[in-house]
Amino acid sequence: PKTRLHALWTLEGLEAVSPVLLRQALVDPHPAVRAAAVQLSEPFLRHNAAPALADALLRAVDDESPAVRFQVALSLGEWDSPVAGAALARLALRDAGDDVLQTGVLTSAARHVDPMLQTLLVGPHTPPPPARLLDALLGVATAERNEPALVRTLQHLTTPAPGQNARAIWQQESLAAFLDALDRRGLALERFRAEAGTSLRRVLDALSAVFAEARRTVESPDLSGNPAAAVAATRLLARTEADREPDLRRLAGLLQPSIPPEVQSAAIAALKRVNHAAAADPLLAGWAGFSPGLREEALSLLMSRQMWVARLLDAVEGGTLGPADLPLTTRQALLAHSHPPTRERATRLLATGDARRARLLDDYRGLAELKGDPARGAELYRANCGICHRLRGEGQSVGPDLDAVVGKPLEALLAAILDPNQAVEWRYVAYQAETRSGHEVTGIITAETPSSVTLRTAAGREETLLRSDLVRFNSSKLSLMPEGFEQILPPPAMADLVAFLRQR
């Protein structure tokens with residue numbers, strides 16, 4: 001194969017290259033030779049100079065070598081023919097799970113977006129076309145204002161399959177991708193429609209029925225039966241100025257513990273698209289019931305626009321959120337904010353602590369001078385700590401694993417024991433739940449499904465609760481670890497406990 005490759009790539013070989021030689025190389029036993037032949041075919045493709053060679057190249061879409069197929073994907077971008085677009089789409093469908101090859105296809109997609117979309121959308125959709133590919137092609141068609149491609153594509157996406165009353169989930173997700181492409185270009189749907197031609201305006205008008213269908217889906221009394229449909233529908237909310245306020249209320253209604261977490265996550269993403277201060281309000285109102293993962297998503301949104309940062313600080317000032325609700329990194333970002341009034345306000349609200357707890361820590365400043373007894377410390381650990389924490393392979397996994405914290409400086413270790421609510425990791429925040437039957441549980445979230453949530457109590461017992469049974473579910477804003485250890489751990493006893501914790 002090295003000799004054959006050399007013959008193809010030397011100057012003398014290039015001068016002597018012919019379609020016949022390349023067709024022979026396309027069936028060479030070695031994939032490197034076949035890939036080189038594909039690349040060297042590009043000049044003939046650009047000028048449509050060798051139909052037989054083009055036919056051989058199309059057959060290489062099904063080459064057994066991924067490297068050859070990748071080169072085919074790149075080289076088809078040089079061929080200005082609808083046939084190349086259809087071949088690219090077939091290649092994308094053939095290797096839908098290969099991210100590298102999908103990247104190669106998208107590299108060549110710009111000049112072939114219309115035939116690629118039509119190849120993907122015409123015919124049966126089991127499984128549906130790859131979402132990443134559809135999203136990218138819709139983005140290209142939107143950016144280039146390729147109205148013929150958009151008209152044909154949107155007709156496919158807004159028309160239910162034969163015998164179906166509703167659009168399929170993949171159709172709704174693809175329509176959401178088209179609307180996302182408009183957002184990325186700073187184009188409101190109303191403006192895009194106003195500037196569109198007659199045919200495109202007509203098909204854009206069909207979106208109103210799709211939006212109405214999405215609203216009916218999210219207003220269903222039970223979303224846990226088909227959360228994927230609810231997620232797809234949620235992505236279509238709040239897409240027009242006229243619908244913003246009612247859709248904000250719908251999105252707020254989805255931020256409830258009874259709603260599957262993936263639907264809540266989709267609602268947060270939908271709020272992020274709404275460039276209005278009021279979009280932050282549902283997040284702050286529902287904060288107490290958010291799981292740790294949802295809190296991260298909500299906080300990412302709240303920190304992404306100045307108007308939402310102001311709403312976040314409003315919530316801290318009003319007591320809806322406490323400083324301990326914010327991770328240390330977020331507090332530091334607010335205290336160093338580039339907007340001077342925001343920075344000054346954050347300093348006033350977040351740089352204050354619990355003076356009583358701070359004074360308590362002062363009482364233990366001399367602990368480093370005390371020599372503790374590890375044996376007595378072991379007894380204290382088993383009586384007070386081992387029921388929630390693991391250390392050196394023993395204990396319960398309710399709170400953090402202590403192997404990761406015992407090496408920290410003494411001051412940090414004391415703060416974690418005596419002031420556990422100063423900086424609580426969200427995954428260890430205690431949640432309080434009450435069911436319709438009056439059963440109450442307090443614990444940390446260990447698992448979530450669309451229909452249930454599992455809490456682990458301080459005793460290490462896990463309870464799984466149906467979302468549909470919950471009448472109350474909110475965070476306590478506190479660590480499951482209680483305050484007050486100073487009452488049973490005065491400085492001498494604390495020295496014993498620390499000696500045991502740090503014993504090797």
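Two strands pair if DSSP finds at least two bridges between them. Strands (E, at least two residues) and helices (H or I, at least four) are DSSP runs, numbered from the N terminus. This is a predicted model, in which local features need pLDDT of at least 70, side-chain atom pairs count only at pLDDT 80 or more, and totals for chains, interfaces and linings use all residues. Residues are numbered from 1 along each chain as its sequence is written, and side-chain values use heavy atoms, with hydrogens and water left out.

View 1. Strand S3 spans residues 429-435, and strand S4 spans residues 440-448. The two pair in the antiparallel sense, over four bridges. Gln432 has Thr442 of S4 as its bridge partner. Four residues lie between the strands of this hairpin, where Gly438 takes a positive phi near 90 degrees. Five of the seven residues of S3 are buried (under 20% relative accessible area with a 1.4 Å probe, protein chains only; exposed is over 50%, partly exposed in between).

View 2. A cavity is a set of points, on a 1 Å grid over the protein atoms alone, where a 1.4 Å probe fits but cannot get out; lining residues have an atom within 4 Å of a point. Grid points are joined across faces, edges and corners, and a volume is the space filled by probe spheres set on the points. How many cavities of 30 Å³ or more does a search of the whole structure find? The search finds one. The largest cavity holds about 40 Å³. Its lining includes Pro257, Phe290, Leu294, Arg467 and Phe473. Glu448 is also one of the lining residues.

**View 3. Helix H10 and its cover.** Helix H10 runs over residues 113-121, and seven of its nine residues are buried. These are Val113, Asp114, Met116, Leu117, Gln118, Leu120 and Leu121.

**View 4. Pro148 in helix H12.** Pro148 lies in H12. This proline is partly exposed, at 47% relative accessible area. Pro148 and Ser199 are 51 residues apart in sequence, yet 8.5 Å apart in space, C-alpha to C-alpha.

How values were computed:
1 Å grid on protein atoms, 1.4 Å probe; cavity = no way out; pocket = protein on both sides within 12 Å on 5 of 7 lines; lining within 4 Å.
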